[in-house]
Amino acid sequence: MTKMLRCDVAVIGAGTAGLAAERAARSNGASTLLIDPYYNGTTCATVGCMPSKLLIAASHAAHAARSTSLFGITVSDIKIDGKAVMQRVRDERDRFARLTRESIADIPDRVRLRGRARFIASDSLELDDGRQIEARRIVIATGSAPFIPDQFAGLGKHLLTNENIFDLIDLPARLAVIGSGPIGLELAQAMARLGVDVTLFDQGERLGGIRCDKVHAALKGIIEADLTLKLGVELEAGATEDGAHLSWSGASSGQAQFDHVLVATGRPPNLESLDLATAGIALDDDGVPVHDRDTMQCGDSSIFLAGDVANDLPLLHEASQDGAIAGRNAVAFPASMHADRFPHFSITFTSPPVARIGQSEEDGVITGTADFSDQGRARVEGTNEGVLTLYAAAPDGRLIGADLCTPASEHLAHMLTWAIQQGQTASQLLEMPYYHPTVEEGLKQALRTICAATPIDLPQDQDRGVPSGA
């Protein structure tokens, strides 16, 4: 006889979004079941944010060691122990993953179910062991997985994704990276700065989704200083005895042999095994349930989405908020509570980092740009490169977005995102104190340009001069 389980809210997937959804539902009084086949930890801890930043941190150390001559300091005999680099990445990754699993283990045993779920009705699930669940509401939080284009599928052990690259025992000698999105950019530059001969390929002509031409030109120059860049090309790939052979054509043509090929061409949602056709909800052209981002509800159904599976913004802070919104609304159903979503805010941890915030120039009428090639504090530190562009709305210069690739841009981006979320204008930001000499002073040039294009004058009680090195 089939065993039937019942709950108020069933959550499919125990990643960042699923954990947040279950937590929100249970804290609001619902009986919950959390379903996952592995409980290995979150994508961030195991194959995403944390191991990639560990590799990037090693690349920063290598680059810094090579760059001391600028300051009159000689460091000789720099050697990179690839095995030691990768061992630290794995050791620290495993620690982060273990801590995540320990936090998951704190969830009551009655809540955690190990298995793979599929819909058998809009309010019912079946696990792969035959158990069935009747749930008043269901949250889908099954995450995403790497997309492998057909031409790379036959590369076998020489094919890498973000889910196995950190298991390399040693750094490769030659690496091809396919895709210039965040994962491709971060890992390509990190590997290059660790002494790997890297070639980065992309069908498109744009890196990292940067909207501003000036910021993109700066980023492209920075990336090309570290590795070989092939944009606007189509690729063919074949496995060889000790690696992979790639040939390309388009904006340029050529062929080369590589030890490994890292495919970073996106992470589509994990939806195939859910049997969504039985759930009775509408799907978009990509097969993703149609949903409202402010409620995470699928139509007027009792089914909700959370995290990367929603195919909106695959970012940890968004997944966490998705889960909280979905879990709370699942409990409130059929009532619905609309959330105030964050401005779009993403960071790619290249060196210097790339950030994209909010709306673009197409959505505003005023822009202001700051070039950091001669910014005082950045020049002191030997990091004076990159560009920042702010976007503002008329008539008052209210900030609506930004693209930047500058020193400390991960920190500047937080300041700007907070200002945008609070509806601040360029003149309001100029009324704030800026310590000298700091990288933050680099914002003033762009802010003043925006103010000059509005009818609102610069603050009268602020000095309009520029101190030496600002």
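Two strands are taken as paired if DSSP finds at least two bridges between them, and strands (E, at least two residues) and helices (H or I, at least four) are DSSP runs numbered from the N terminus. The model is predicted: local features need pLDDT of at least 70, side-chain atom pairs count only at pLDDT 80 or more, and totals for chains, interfaces and linings use all residues. Residues are numbered from 1 along each chain as its sequence is written, and side-chain values use heavy atoms, with hydrogens and water left out.

View 1. Leucine 159 has valine 261, in β14, as its bridge partner. β7 and β14 (residues 260–263) pair in the parallel sense over two bridges. They belong to an open sheet of five strands, with parallel pairing, in the order β7-β14-β8-β9-β10. At its edges, β7 (159–160) and β10 (228–231) each pair on one side only. Helix α5 (residues 182–193) packs on the sheet and touches β8 (174–178), β9 (197–202) and β14, where contact means heavy atoms within 4.5 Å. The direction of α5 makes about 160 degrees with that of β9; axes are lines fitted to C-alpha atoms, for helices over the stretch in contact, and angles run from 0 to 180 degrees between N-to-C directions.

**View 2. The buried side of helix α11.** In α11 (residues 443–452), Leu443, Lys444, Ala446, Leu447, Ile450 and Cys451 are buried, that is, under 20% relative accessible area (1.4 Å probe, protein chains only). These residues lie on the same side of α11 because they cover an arc of only 165 degrees around the axis, the arc being that of the directions from the helix axis to the C-beta atoms. Their cover includes β18 (366–371), β19 (387–393), β20 (398–405), α9 (409–421) and α10 (426–430).

**View 3. Threonine 425 between α9 and α10.** Threonine 425 is found in the loop between these two helices. The residue counts as buried because its relative accessibility is 8%. Beyond its neighbours within four places in sequence, threonine 425 is in contact with Asp396, Gly397, Arg398 and Leu399.

View 4. Strands β16 and β17 (residues 354–358) run antiparallel and are joined by four bridges. Within this pairing, serine 346 has arginine 356 of β17 as its bridge partner.

Definitions and conventions
Buried < 20%, exposed > 50% of the residue type's maximum accessible area, 1.4 Å probe, protein only.
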